[in-house]
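This briefing is meant for a reader meeting the structure for the first time. Please look over the sequence and the model before turning to the points that follow.

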Amino acid sequence: MFEARLTMDAPTTASADNGTSGGGGGWFGTPPQPETTPNGARPPSDGGQADRRLAENIGMFGERPRVPPQRAQTAPPGPAAQDHTPPPPPAQQASPDALLIRRTMAEVEPVADKVTSYFYALLFVRHPQLRPLFPAAMDTQRDRLLKALLTAAEHIDNTEVLVAYLQNLGRGHRKYGTLPEHYPAVGECLIGALSKYASHIWDQAMEAAWVRAYTTISQVMIDAAAVDQMRAPAWWHAEVVAHDRRTPDIAVVTVRPDQPYPFLAGQYTSVETPWWPRVWRHYSFASAPRSDGLLSFHVKAVPAGWVSNALVHRARLGDVIRLGPPGGAMTVDHTSDSGLLCLGGGTGIAPIKALVEDVAEHGERRPVEVFYGARTDVDLYDINTMLRLQQAHSWLSVRAIIDQQGHIGLPDAVREFGPWNGYDAYLSGPPGMIRSGVHVLRSAGFPQERIRHDEVEELLTVDG
């Protein structure tokens, strides 16, 4: 077995962080969504250097694909996500390195838990100085590495998609205190774990392919973080200024950031509380950007949810939390006049409400149809707000779908209305609702490119 004998080159770009922030998402966290600035444009880039770097690395990525990235966010590969994975890149000759990397991933995927556990064991034994950057409990962290690698492997021949993914990953990792010198250590342990669990197919060629791949991947992330440092902090401090308990386990939490926080309606952020350092969870913004700069989140406390229980049951006025950068591409295209078909389940109504406010603020009169799903009347905790919006805007229709017996799901209820020609679909809620909703829409002939939702893998850490 080869044990990462090839040298991991040190990164060539200065760090985008001062190293004082806490870690917690690991080096390959769940994939962030493409970020945007308040006017809908992409943040400043590196002038296309990342695209050129990946495109020039033919050994890793092969021919540069000609397919633009999907706007709709998709789930990670796997049987549960078969209806909403992105279309494959155009048929082309896969590069030798791509074939070797995919062969490795196919080999280790059945033992993903063992690979990730061994990776962290190697990392913390060989580099104990990195352990404080991670949360005390690693239960929510363990499986993210392999899922992120599977995502990268899925798009390994699609440079445009992969560059956007890696750049967002690099920007998002600034809040963890990730430094350029951390990357070689991580790469060494990653390849050590892969070589152990793919030992009967591992050879020098496969190891060399992974070294080239990881070196390129890490450089793109480091470059993106360095560019991001020039436009935004690694994190924001935010004071709790309102705490409205809507139900015994749902609270609307409003905070005031210590400096302007740019985001778009429909996006989300990561939140860390002072009671669980280095543990971050994702929550959608519950309103469009406000003139007073305040931000609101709908939080549901879930069993064993460290952050959600702290925000619902422990947070008080004056408490200070930390926010990561905004993410998510479930935003409104204001250059289009398409209608909006919005499905919001549970606290998933929060970003739907933000989208409605966004359309209203832009003075548009495009039709917006909102389906608000809940198991009981009590779970419709924000129905009065939605009905007030409906009363104020003639183009808005709000339908409450209550499923007390668990027989009629929110996506199925959408079948009774329509047709939805000329509409863009927006889905927000539990992962199961997202998956079934996408399936219903696709089976009804809804084009994939007109279905928008946050990454299902990312949703698994929402409300945690």
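This is a predicted model: local features need pLDDT of at least 70, side-chain atom pairs count only at pLDDT 80 or more; totals for chains, interfaces and linings use all residues.

Two strands are said to pair if DSSP finds at least two bridges between them, and it is in this setting that Y426 stands opposite R452 in β11.

- Five strands make up an open sheet, in which the order is β9-β8-β7-β10-β11 and the pairing is parallel.
- The edges are held by β9 (396-402) and β11 (451-453), and because each has a single partner strand, one side of each is left without a neighbour in the sheet.
- On average, and with direction ignored, neighbouring strands of this sheet are turned by 15 degrees against each other.

**Strand β10 and its partners**

- On one side, β10 pairs with β7 in the parallel sense over six bridges, and L341 has A425 of β10 as its bridge partner.
- Strand β10 (residues 423-428) is also joined to β11 by three bridges, with the two strands running parallel, and here L427 stands opposite H453 in β11.
- Six of the six residues of β10 are buried, so this strand is largely enclosed by the rest of the structure.

**Helix α13**

- Helix α13 (residues 431-443) lies across β7 (339-345), β10 and β11, and its direction is at about 160 degrees to that of β10.
- Together, β10, α13 and β11 make a β-α-β unit that is right-handed.

**The nonpolar cores**

- The largest nonpolar core has 43 residues, and those with the most contacts inside it are F119, L123, Y165, L166, L194, W202 and W210.
- Two or more residues of this core are given by each of the elements α3 (96-108), α4 (112-126), α5 (144-154), α6 (159-172), α7 (182-197) and α8 (204-229), and the largest share, 10 residues, comes from α8.
- When its neighbours within four places in sequence are left aside, L166 is in contact with I217, V220 and M221.
- In soluble globular proteins, nonpolar side chains tend to be buried together.

Terms used
Residues are numbered from 1 along each chain as its sequence is written. Side-chain values use heavy atoms; hydrogens and water are left out. A nonpolar core is a set of buried Ala, Val, Leu, Ile, Met, Phe, Trp, Tyr and Cys residues joined through side-chain atoms within 4.5 Å. Buried means under 20% relative accessible area, exposed over 50%, partly exposed in between (1.4 Å probe, protein chains only). Helices (H or I, at least four residues) and strands (E, at least two) are DSSP runs, numbered from the N terminus. Contact means heavy atoms within 4.5 Å. Axes are lines fitted to C-alpha atoms, for helices over the stretch in contact, and angles run from 0 to 180 degrees between N-to-C directions. A crossover is right-handed if, with the strands pointing away from the viewer, the path from the first strand over the helix to the second runs clockwise.
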